Amino acid sequence: FGLVLLLPVARLPRRAAWLAPSTSSTGEGCRHHAAGTLPGILTGASLSPHLGPSGTAAFEQRRSSRVNVARFSFGAVLSMLSRFRVGVRSLGYIRYLAALPFLTVAFLVRCFDYPSTVKRLIAEETDIVFSEEPIQPTEIPTRVYVSSNEESPRKMPPVRWYVKTNTVYLRLLLQGELGLAESYMDGDWEASNLEAFVFEMLRLENVKQKLGWLIWPLLCSVFFGEVKWKLSGGNSPRASRENVASHYDDDRRRLYERMLGPTMFYSCAYFKREGMTLDEAQLAKMRLVAEKLDLEPGMRVLDIGCGYGVLAQFLATEYGVTVRGVTQSADQVKTAYNTFFHPNVKISLQDYREVQGKYDRIVSIGMFEHVGSANYESFFKKCDDLLVKDGIMLLHTIGFRDNVKWSQDGFMNKYIFPGGEIPHLFHFSQPFVTDSWHLEDLHSFGMSYAHTLRSWRTNIGDWKGLDEFDTRFRRMWNYYLACCSAAFVRRRTKLWQLVFTKSRSTRLDDCHHVRAAASKE
């Protein structure tokens, strides 16, 4: 049946005029117009010739929705092909392959009530309630779940979800979290509490099998995302510079000043006690890092991915060390010298792979997520070359739960951190790590990142004074902060601080000072 349908698609006219809506004002005219076209055949427009007046109106509404979905799918196919600079006239037999996603979607639309399927799964597995009326989002939560006692956690009220168009469910089926995020950016749905909504939607990760074969389009999307990532060559020095520039140097300076506050520290703070402000928690994080590094005056410290330079300034000022910081963001270098200048700190616009010399300590805060698994071995080898024999290295990185796979074609990679990849714990037990490095300590405090992200959302507030960012960007950014916070609360995403010494070190004892540093108030 599919092969028969492929024939007319392979012979598509140069201009897809058949996608145009009918100009007829009657239901009968609409049916006849649709019946002679491929969308009409696949959406069943010619299969219901005997409808009453009210039935005709309802039918036309359903047909219009289905044809709109078909347009959306076919447009996505053409958009994908245009990225490879392939003209429609020269597609030839490639049209057969290009038509498959469109046919899959059309088949789903024609034969299955996909909105009901998705809604039923969400209703069964989450505390999300579907709303028929528009809703007003609430303020940022301080917790997603509040515990009255250890045995009986008390949940927040169910999250209300208002969906404006059924294409949201289709995009969720075909693109997963990317489709959900982009439909939010487009204003196609609202939730009473955005973070709590994503928290609930994450429950669906372990029940995808309940969708049956409907999950195949999403699996195919993930597969092709992996292929595209492999073919792109990963995070080469040139690609890294472009990726960093797209996030840090793309006219977002005023946003970061508002969001991050005076420290301009774009990484997880350390909320070690209740009632801490963001600035206090960032200061606590810097002191924690310094104590774990066991610094002494005069030491040489390399800060890989130094950001805006606040940590380098702090270490030089408080501990009397000399710091070399490297970043691939020109704006961060400028800010480091203008705002966080210190005579014993040198910040360079440089890739870590180009650094030379020897250092007593190496620290990397929030940069390892940009290295990519294909480059982990070279990263650790480079750090081994740069660190003295008895030195200490600290990595501060986001991590992933082992049963969660990072999507190279997901929302975060497409809109927030191009080229990013979150490591799993098993990556740090690979031979290229264990043969040369000794793991002294692993400290996990992901809930602090949830607090950090909420503080950033609070600092941004209603975006007043940030008129250069349009509505779609604002919704994208709010979604980014909310979904990341929900992932940390769900324990899907972690925050790790790993302390390493070299396997061939001549140190006479373990780094007991690390635990002492973590326990300090």
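## Helix packing and an open sheet

Helices α13 (residues 278–293) and α14 (residues 310–319) pack at an angle of about 60°, with their axes 10 Å apart. That makes α13 oblique to α14, where oblique is what remains once angles under 35 degrees (roughly parallel), over 145 (roughly antiparallel) and 65 to 115 (roughly perpendicular) are set aside. Axes here are lines fitted to C-alpha atoms, for helices over the stretch in contact, and angles run from 0 to 180 degrees between N-to-C directions.

A word on the basis: this is a predicted model, in which local features need pLDDT of at least 70, side-chain atom pairs count only at pLDDT 80 or more, and totals for chains, interfaces and linings use all residues. Residues are numbered from 1 along each chain as its sequence is written, and side-chain values use heavy atoms, leaving out hydrogens and water.

Helices (H or I, at least four residues) and strands (E, at least two) are DSSP runs, numbered from the N terminus.

| Helix | Residues in the contact |
|---|---|
| α13 | Leu-283, Met-286, Arg-287, Ala-290, Glu-291 |
| α14 | Val-310, Leu-311, Phe-314, Leu-315, Glu-318, Tyr-319 |

Helix α14 also lies across β6, β7, β8 and β9 (359–365), running at about 160° to β8.

Those strands bring us to the sheet. Seven strands form an open, mixed sheet in the order β8-β7-β6-β9-β10-β12-β11. Strands β8 (345–349) and β11 (437–444) are at its edges with a single partner strand each, so one side of each lacks a neighbour in the sheet. Two strands pair if DSSP finds at least two bridges between them; five bridges join the parallel strands β6 (residues 300–304) and β7 (residues 322–327). Val-301 stands opposite Val-323 in β7.

Key: Contact = heavy atoms within 4.5 Å.
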